[in-house]
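I opened my notebook to look up how the parts of this structure hold on to one another. My entries follow the picture.

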Amino acid sequence: MSAHSVYVPTREEVAQIAERPVSGLLARISLALGAIGLIAFVVGLFVSPDRAWRALLYNWLFFAGLSSAGVMFVASQRITTARWSRSTIRFVEGYVAFMPIAWVLLALMVTVGRRHIFPWAIEAPTVREKAIWLDPTFFTARTLVTFGLLTALQIWYIWTSVRLDVGILNEWGTSWGKGFRERMRRGFGDERRELHSAHSLQGKLAVWMALLFGYGWCSLAFDLSMTLDLHFQSTLYGWWFFMGALLCVLTSMAVLARWWRNQLAIPHIITDVNLHDIGKLAFALTCFWGYLTFGQYLVIWYGNLGEETHFMRLRLIGAWLPATLVMVFLVFVFPFFGLMGKKPKIWSAIMVTISIGSLIGMWLCRYLEVYPSLYGPTTLLPFGLWEIAVTLGVLGLWGVCYFAFMNTFPRLRVMLMTSPYRDEVQVPVNARTMEPIPAHE
Amino acid sequence: MAMRNYDEPVVDAALRRPNIASADIQLPAVRDYEQVDREIAGTLAPSFGWFGALGVAILLFLWGAGVWIYQIYWGLGNAGYAPPVMWGVYIITFVFWVGIGHAGTLISAILYLFRAGFRTTIYRCAEAMTVFAVMTAGLFPIIHIGRPWKFFWLIPYPNWRLIWPQFKSPLVWDVFAILTYLTISSTFLYVGLIPDIATLRDRERNPVRKQMLAVLSFGWRNSDSEWRHFTRAYLFLAAFSTPLVLSVHSVVSFDFAMALAPGWHTTIFPPYFVAGAIFSGIGMVFTIIIPIRKFFNLKHYVTLNHLDAAAKLCLFTSMVVGCAYLMEFWVAWYSGNEVEQNYFWNRVFGQWWWAAWIMLICNCVLPLSLFSQKLRRNTVWLFGLSLFINLGMWFERFVIVVPSLSHEFEPWQWTHYAPSWVDISLLVGSFGWFFMWFLLFIKQLPVVAISEIKEIVPPKMRHAHGHHGGAH
């Protein structure tokens with residue numbers, strides 16, 4: 001990303017910024033939404049259980065995908081030893097807080113709600129291979145183990161990152177998180193040693209995470225989304241799914257970086273150059289998502305095989321068509337033309353509008369992955385109270401988790417922003433001696 | 001800021017500082033601009049080894065050219081086609097060379113946009129490789145059609161017969177995609193060369209050659225204004241080239257994915273072809289750059305850190321390709337489609353097992369060694385691995401092209417295919433053609449970008465106290 005000179009704040013300054021009080025309004029709104037959503041979902045279980053569970057599924061795909069991809073994005077910054085994101089990446093690290101909750105929701109969906117969501121749970125597939133793959137025990141174990149491992153690995157990664165900052169700062173944060181912070185401080189030693197050790201460990205964790213993320217989300221996308229239509233299969237489906245989640249990370253980061261910049265009053269630290277960098281990546285991922293979407297569509301359209309085209313055609317007829325068009329417009333057309341050039345990526349009004357539009361569009365994309373496969377051709381869009389309530393509920397739950405994290409741990413990557421040793425790890429180093437490996441023979 | 005002694009390079013002090021602006025692209029043994037000019041321009045002097053290598057390349061090329069003439073005279077029947085396998089080594093080799101051409105633009109354009117420092121010393125080599133690889137690839141559709149003088153039928157020019165190319169055919173899309181790619185990658189290579197050509201011009205003593213270089217450098221004077229325009233143009237071309245990296249090999253993949261042959265019609269092909277192309281291109285970059293850094297004494301420019309980073313990219317693309325293989329196998333099984341299942345079984349455990357396992361071992365198993373930092377920094381291993389990657393990626397295209405055609409829907413059509421000596425000769429000749437151009441290039445123009453290296457070498461402090469700024 002941009003090679004530019006940056007303002008380097010002192011540790012005291014960053015520490016003081018990280019402790020600044022911020023508005024609790026969003027956290028309270030999140031709590032209220034979570035409560036409303038929970039009540040609505042419970043009511044829905046009795047009144048319209050299919051709709052409630054199915055609404056939970058597509059919201060889970062959106063929010064769990066976002067959270068998991070967020071941590072993967074953080075890990076990608078370590079793999080590429082990126083420096084441009086140091087001042088903003090903690091805002092994305094907070095996404096990890098939703099992962100354990102997402103695992104619980106997944107467990108509920110694949111056990112209690114399975115028969116309300118997956119048609120094959122009621123009537124076993126006639127194709128032998130599909131029956132084997134979707135065997136209830138195998139399916140449940142596979143999804144829970146895959147997502148569970150990913151959750152554990154992602155929490156471990158963020159733990160190593162947050163620990164570096166907790167270790168050098170005074171005690172601060174929510175009272176319920178004190179135990180976590182004390183545990184992080186245990187055995188915390190020399191700053192340089194800790195930095196090198198953490199960098200080394202994160203390198204290994206990041207690579208394993210990338211593997212698990214890629215294969216894991218392919219499997220989860222096939223299981224929880226593609227198999228809803230038993231007659232459809234696409235080899236690209238998994239990649240297409242998680243690239244959409246990664247796009248959501250960048251657009252949500254564009255919004256959150258601005259919010260935190262205002263809340264913490266740090267325009268000198270999160271500069272327009274940082275916002276431009278995020279905007280550039282959001283634009284690049286928009287293009288890449290558009291490429292994957294079009295690539296998948298074109299191959300299916302040109303091949304014109306009924307077993308594939310019915311999936312696309314269903315989404316282009318009846319009540320689904322307007323939703324599909326809106327989704328494509330919000331996720332690709334609007335950001336692609338709107339974010340060309342430098343100024344729209346920096347101007348908050350435009351960037352936030354486009355980013356929120358893209359997030360809504362991707363949420364709609366998840367809806368369109370799930371609902372048409374379950375409801376088939378229809379002239380009346382199955383979208384109403386249950387979908388809205390469950391969406392708001394999961395959004396609220398996500399917000400509660402996020403703000404709980406951000407109010408418990410340092411809100412900035414203090415060590416990587418201020419340590420005199422922070423750039424030593426930019427070149428390959430011997431983690432034991434902390435010296436660079438000779439650059440050439 | 002405290003001023004340093006005027007003539008003392010600032011490099012040592014910069015390296016010792018904990019916060020190094022360009023820490024990830026440090027060149028500890030490169031101390032000043034004069035050294036950069038001297039050492040990189042010094043690689044242009046011909047040597048016996050170079051003449052020997054060029055001689056071998058020209059011989060291979062001439063052999064290939066002679067065999068092509070033989071094929072034109074005696075007909076396409078001399079190639080190893082066995083109906084319905086009417087796409088064989090020529091199409092395989094076409095896709096192989098287009099793939100090789102991919103890494104150049106990835107390294108020069110996409111990594112430039114990401115400000116990835118490790119590209120600096122290898123991108124020129126990769127860009128040149130791209131242009132020559134695409135030139136090589138472009139030969140094969142012409143060879144494949146058997147009557148090369150009819151090739152112009154693919155070009156959509158208005159003509160009196162009112163016959164137009166079939167625009168619905170991915171083969172015509174190929175013509176557009178590859179010509180666009182060749183145009184942009186050549187322009188990108190040339191624009192990046194302009195400041196370096198000017199450096200060579202300034203060092204040149206032969207007046208004729210100096211005049212030629214002056215023309216080629218467009219009279220570059222190294223002014224602020226020129227640099228400003230240059231960097232703008234370079235950034236624009238990088239941004240313009242980036243979508244081409246995706247589009248070209250996606251379009252090549254459509255040659256297969258649009259058809260309804262088993263193993264071909266699959267949605268993952270576009271990104272999978274792109275990832276495979278980048279993987280094979282990086283393999284070829286290693287094949288080229290490792291001997292160059294050894295024989296041209298450029299080890300302190302193309303450092304182990306650069307190779308280490310490129311090896312990580314190679315590992316990543318290998319794993320993407322491996323994931324795509326797995327997706328194909330899994331969906332073939334999950335679909336319950338017997339034709340697809342039989343096809344993949346035949347590919348891996350049946351008729352073509354040897355080709356599939358060469359592919360899997362070279363592309364997925366051997367690159368796993370790059371998880372070891374020691375092996376990533378071992379040039380002998382990297383070079384050997386790169387040869388296996390080249391082999392594996394050629395066989396990947398073999399495995400895509402031949403088994404699908406030899407094992408289609410109707411069992412009575414199932415057949416065998418074996419390349420003839422004509423096929424093999426033209427394949428070998430293509431390597432001769434490619435390396436002939438590349439070897440000629442590296443003795444005419446710098447294989448490492450002088451101007452970009454200078455951007456990361458700390459300048460001498462030219463002036464006394466009170467006059468900030470270094471030589472630019």
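Which side chain meets that of Arg11(A) in a salt bridge? I looked it up: Glu191(A) does, at 2.7 Å from N to O. A salt bridge here is a side-chain nitrogen of Lys or Arg within 4 Å of a carboxyl oxygen of Asp or Glu. Arg11(A) sits in helix H1 and Glu191(A) in helix H11 of chain A, 180 residues apart. Helices are DSSP runs (H or I, at least four residues), numbered from the N terminus. Glu191(A) counts as buried, at 17% relative accessibility. Buried means under 20% relative accessible area, exposed over 50%, and partly exposed in between (1.4 Å probe, protein chains only).

**Ground rules.** I noted that this is a predicted model, where local features need pLDDT of at least 70 and side-chain atom pairs count only at pLDDT 80 or more, while totals for chains, interfaces and linings use all residues. Residues are numbered from 1 along each chain as its sequence is written, chains are lettered from A and ligands numbered from 1 in the order in which they are written, and side-chain values use heavy atoms, leaving out hydrogens and water.

**Other salt bridges.** Asp37(B) pairs with Lys454(B), with the closest N and O atoms 2.9 Å apart. Asp37(B) is in helix H2 and Lys454(B) in helix H16 of chain B, so the pair ties together parts 417 residues apart in sequence. Asp37(B) is buried at 15%, and Lys454(B) is buried at 18%. I also noted a network of salt bridges that links Arg90(A), Glu93(A), Asp165(A) and Arg413(A).

**Between the chains.** How many salt bridges cross the interface of chain A and chain B? The rule finds one. Arg293(B) forms it with Glu441(A), the closest N and O atoms being 2.9 Å apart. Arg293(B) is buried, at 2%, whereas Glu441(A) is partly exposed, at 48%. The contact (heavy atoms within 4.5 Å) takes 49 residues from chain A and 57 residues from chain B. Thr235(A), Trp239(A) and Tyr302(A) supply 16% of the area that chain A buries against chain B, more than any other three residues. Buried area is the accessible area (1.4 Å probe) that two parts lose on being put together, summed over both.

**Core.** The largest nonpolar core has 282 residues. Such a core joins buried Ala, Val, Leu, Ile, Met, Phe, Trp, Tyr and Cys residues through side-chain atoms within 4.5 Å. Helix H12 of chain A gives its largest share, 19 residues.

Technical notes:
Helix = DSSP H or I, 4+ residues; strand = E, 2+ residues; numbered from the N terminus.
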